[in-house]
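This report is written for a reader who is meeting this structure for the first time. Please look through the sequence and the model below before reading on.

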Amino acid sequence: MMTLWLLGCTAAWLLVFWSGSRVLALAGAVCIVFSYAAGLAAQFMALWWVGRHDPAMRPGWGQLMRAWLVEALVVPRVFCWRQPFRWNAVPDHLAAEPTLHGRRGVVFVHGFVCNRGLWTPWLEQLKNHGHAFVAVNLEPVFGAIDEYVPLIEQAVEQVTRATGMAPLLVCHSMGGLAARAWLRACNADERVHHVITIGSPHHGTWLGRFSHVVNGRQMRLSSPWLQQLERDEPMQRRARFTCFYANCDNIVFPVASATLEGARNCLVAGVAHVALAFEPQVMRETLALL
């Protein structure tokens, strides 16, 4: 939808202004195509403002600028290409091959308003190295986070059956909360090798106050749902988590919101929310667990 909207607005602008002024037509088209970058800039400003009293976590202006530029390049590749048009470019890898058995597999859980297309670079690597994987599509898109439990349960069962081993869970953003909801609902601690969360709002996010959909409200800072999830969670479960978080995360802030007490928390400096999912350090350390 985002892709079609941008293309439609750009085409309309060019049709209206091309005959009068080609310079104006081209300048306006460029502004429309990159209008999302202004929205990203507003998010980075909010991140800085909310964290202004926490100098230990507050990024410098140079870090923010670099993170904004990289995110402005990553976001269209994900939201305008991979997810709408290439979401199934690399299907789940569960073929009945002897090489899959005894090699740990992965379950991928994406975040808010995303789909499995987010994970394409990860899926290509895993398929090349002969690991089983399932990347879920979380539906309904704006449903309650607990509604995603059956999808994760099915994916874990499929990968476990293909490999004979408990899988690694790799989760971006809201996907980390969905994984925690699955662990709570299924008491599944022994059925997962480890859980990686990447920019997950474990304590909510400041931006959640602007959401009026169910899962968005659940991700408000210290929401009742998050508080209940924490009360239900045994502390020893946190040892199964590695939480990658960033001081330039333009979606999940304050910065410490993406950490969990008792987990291994890894700060990645100078990286924004979507780009964090493809940061070489994050991918390298995660795949090393296989």
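## A surface patch

Val 141 sits in the loop that runs between strand 2 (133–135) and helix 6 (149–163), where helices (H or I, at least four residues) and strands (E, at least two) are DSSP runs numbered from the N terminus. At 36% relative accessibility, Val 141 counts as partly exposed, given that buried means under 20% relative accessible area, exposed means over 50%, and partly exposed lies in between (1.4 Å probe, protein chains only).

Together with Val 113 and Phe 142, Val 141 forms a nonpolar patch on the surface, with about 240 Å² of accessible area for the three together. Such patches are made of residues with over 30% relative accessible area and no salt bridge, like charges being joined within 9 Å and nonpolar side chains (Val, Leu, Ile, Met, Phe, Trp, Tyr) within 5 Å; a salt bridge is a side-chain nitrogen of Lys or Arg within 4 Å of a carboxyl oxygen of Asp or Glu.

## The model and the chain

This is a predicted model, in which local features need pLDDT of at least 70 and side-chain atom pairs count only at pLDDT 80 or more, while totals for chains, interfaces and linings use all residues. Residues are numbered from 1 along each chain as its sequence is written, and side-chain values use heavy atoms, with hydrogens and water left out.

The protein chain comprises ten helices and six strands, and 50% of its 290 residues are buried. Of the contacts (heavy atoms within 4.5 Å) between residues at least 6 apart in sequence, 71% join residues at least 24 apart.

## A buried serine

Ser 200 is found in the loop between strand 4 (194–198) and helix 8 (214–218), and with a relative accessible area of 0% it is buried. Leaving aside residues up to four places away in sequence, Ser 200 touches Cys 171, His 172, Ser 173, Gly 176, Val 252, Ser 257 and Ala 258. The side chain of Ser 200 also reaches the backbone oxygen of Ser 173, at 2.7 Å.

## Aromatic pairs

The structure holds nine aromatic pairs, counted when ring centres of Phe, Tyr and Trp (its six-membered ring) lie within 6.5 Å, with planes under 30 degrees apart called stacked, over 60 edge-to-face and the rest tilted. Trp 119 and Trp 122 form an edge-to-face pair, 5.8 Å centre to centre with 80° between the planes; Trp 119 is buried at a relative accessible area of 0%, and Trp 122 is buried at 0%. Elsewhere, ring pairs link Trp 49, Trp 206, Phe 210 and Phe 253 into a cluster.

Technical notes:
Areas by Shrake-Rupley, 256 points an atom, 1.4 Å probe, with all protein chains shown as cover. Polar contact = N/O pair within 3.5 Å; in protein donor to acceptor, adjacent residues only side chain to side chain.
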